[in-house]
Structure formats: C-alpha cells, structure tokens
Amino acid sequence: MNTDSNGNPLLDQYSEEGFVDCVLRIVDRSETTDHYRFRLQASHAGQVVGMNVVIVKNIQGGFDPEMNLKMANVYQRGVVFYRTGPESDRLVTALATLYGEEKKQVLRMTAEETLTAIALHQGALDMEREPVKIKIFGRGAEPFDEDAYYESFFNLDLKNGLVFWNEKDQEYRGPLIRALAE
C-alpha cells in the first residue's frame, strides 16, 4: 500500500477504469457497548483528508442461507459520518474532484450524515477478526427522493486498521456529494 510520510494511505490508489475506490486508515478508535468510533485519514494531493465515523458494533450478516435479506440485520443508523474540520472539507472536495464534479471552491462537509447499513455476509461475524463488507445507503427514508438517494460500499478491516470506501454505481456520485457537502 502506498502511503505518505505520515503513514496515511493515498486516498484513491485503488481506483481504476472509471471507478473511485478510496482507502483510509483508522488513526484513532474508541468504543462503547454498542458502537465503534473512528477517526479516518488518508492523503490526497499532498494533504490530509478524513472524517470521524461511528458504526454499529457487532453487525451481523444481512442474509440468511438462501440469500434472503434479514430485516433484523438492516441497521437504520448503522454508519454515521461526522465532520472533523478542514480535513473533512478536503475529503469531500477530493471526492467531488475524483468523481468529476469539481467545484471552483472548496466544499464544506455537512456536520453529520446518517446511513443505513447491511453487512453483505451470511451468518455471524466477528468484526475484530475478519473484514466486514458493508453496503451503505444514504437518503433512503420516506418520502423517498430518487434524486437524493445513493449507495456505496464501506468495507471495514479492524484487524489491519483500514476502511475501503468504494462506489457502487457512478450514478450515485452526485447525490453522495450533495449529501456530504453543505
């Protein structure tokens, strides 16, 4: 993995063929009975980018053995993004640039964005020992607004202290940036 001089991964080093795949490292971690809280950082264009994230602890597989969705394992406030200051503004601006939605000004990240989460696994998961593939959904609440809705993947590797944030579909780029920027 390519990193800057501070050990932060280069944000978009795994992007290819029109898809933007981001990697961030967990630089600070705390937990409660029900949640993990992380400070995530990466490097983009020579600057530190990042945000805080709260994620439900002990997420379990979202599918039964027949690959039917288990509604009990759909977490309505499964992942929450929090602005940490200028590094978060630089993250949203970097995403907008990488997505081809560049503005002439630096964007400011919203204070908080709540996402629904589903672990793309079957059965029990041990978040501490195995990577967890999570699909996150933003702005899916009723009344549903198709122009505001977005999805992406937020894959968590606690053992190695990394998060891989990948887009699901390029059509969600605009809604994601509009949701994360004030």
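These notebook entries record what I looked up in a predicted model of one protein chain.

**Entry 1: Ground rules**

I number residues from 1 along each chain as its sequence is written, and side-chain values use heavy atoms, with hydrogens and water left out. As this is a predicted model, local features need pLDDT of at least 70 and side-chain atom pairs count only at pLDDT 80 or more, while totals for chains, interfaces and linings use all residues.

**Entry 2: Overall form**

I looked up the secondary structure and found 2 helices and 9 strands in the protein chain. Helices (H or I, at least four residues) and strands (E, at least two) are DSSP runs, numbered from the N terminus. In sequence order the pattern is β-β-β-β-β-α-β-β-β-β-α.

I then compared the radius of gyration with the globule rule; the radius is taken over C-alpha atoms, and the rule is 2.2 Å times the number of residues to the power 0.38. For 182 residues a compact globule would have a radius near 16 Å, and the protein chain agrees, because its own value is 16 Å. The C-alpha trace spans about 45 × 40 × 35 Å along its principal axes.

I noted that 51% of the 182 residues count as buried; buried means under 20% relative accessible area, exposed over 50%, and partly exposed in between (1.4 Å probe, protein chains only). Contact means heavy atoms within 4.5 Å. Among contacts between residues at least 6 apart in sequence, 56% join residues at least 24 apart.

**Entry 3: The nonpolar core**

I define a nonpolar core as a set of buried Ala, Val, Leu, Ile, Met, Phe, Trp, Tyr and Cys residues joined through side-chain atoms within 4.5 Å. The largest has 51 residues, and Phe81, Leu95, Ile136 and Trp165 have the most contacts inside it. In soluble globular proteins, nonpolar side chains tend to be buried together.

Which residues does leucine 95 touch, leaving aside its neighbours within four places in sequence? I found Cys22, Trp165, Leu176, Ile177 and Leu180.

**Entry 4: Helix H2 and the segment after it**

Helix H2 covers residues 173–180 and is mostly covered, with 7 of its 8 residues buried. The buried ones are Arg173, Gly174, Pro175, Leu176, Ile177, Ala179 and Leu180. Their cover includes strand E5 (74–82), helix H1 (86–98), E6, strand E8 (150–157) and strand E9 (162–167).

I next looked at alanine 181, which lies in the segment after H2. Alanine 181 counts as buried because its relative accessibility is 15%. Beyond its neighbours within four places in sequence, alanine 181 is in contact with Val92, Leu107, Arg108, Met109 and Thr110.

**Entry 5: Valine 163**

Valine 163 sits in strand E9. Is valine 163 buried or exposed? I recorded valine 163 as buried, with a relative accessible area of 0%. Setting aside neighbours within four places in sequence, its contacts are Cys22, Val23, Leu24, Ile26, Leu40, Phe154, Asn155 and Leu156.

Rolling a probe the size of a water molecule over the atoms shows where empty space is left. On a 1 Å grid over the protein atoms alone, a cavity is a set of points where a 1.4 Å probe fits but cannot get out, and a pocket is an open set with protein on both sides within 12 Å along at least five of seven lines; lining residues have an atom within 4 Å of a point. Grid points are joined across faces, edges and corners, and a volume is the space filled by probe spheres set on the points.

I counted 2 cavities of 30 Å³ or more. The largest cavity has a volume of about 40 Å³ and is lined by Val20, Cys22, Leu95, Tyr99, Ser152, Trp165, Asn166, Glu167 and Leu176. E9 gives the largest share of that lining, 3 residues. The second largest cavity holds about 30 Å³; its lining includes Tyr99, Glu151, Ser152 and Asp169.

The largest pocket has a volume of about 220 Å³. Its lining consists of Gln76, Thr114, Leu115, Thr116, Phe137, Gly138, Arg139, Gly140, Ala141, Phe144 and Tyr149. Strand E6 (112–122) and strand E7 (134–138) are the elements that give two or more residues to it, and E6 supplies the largest share, 3 residues.
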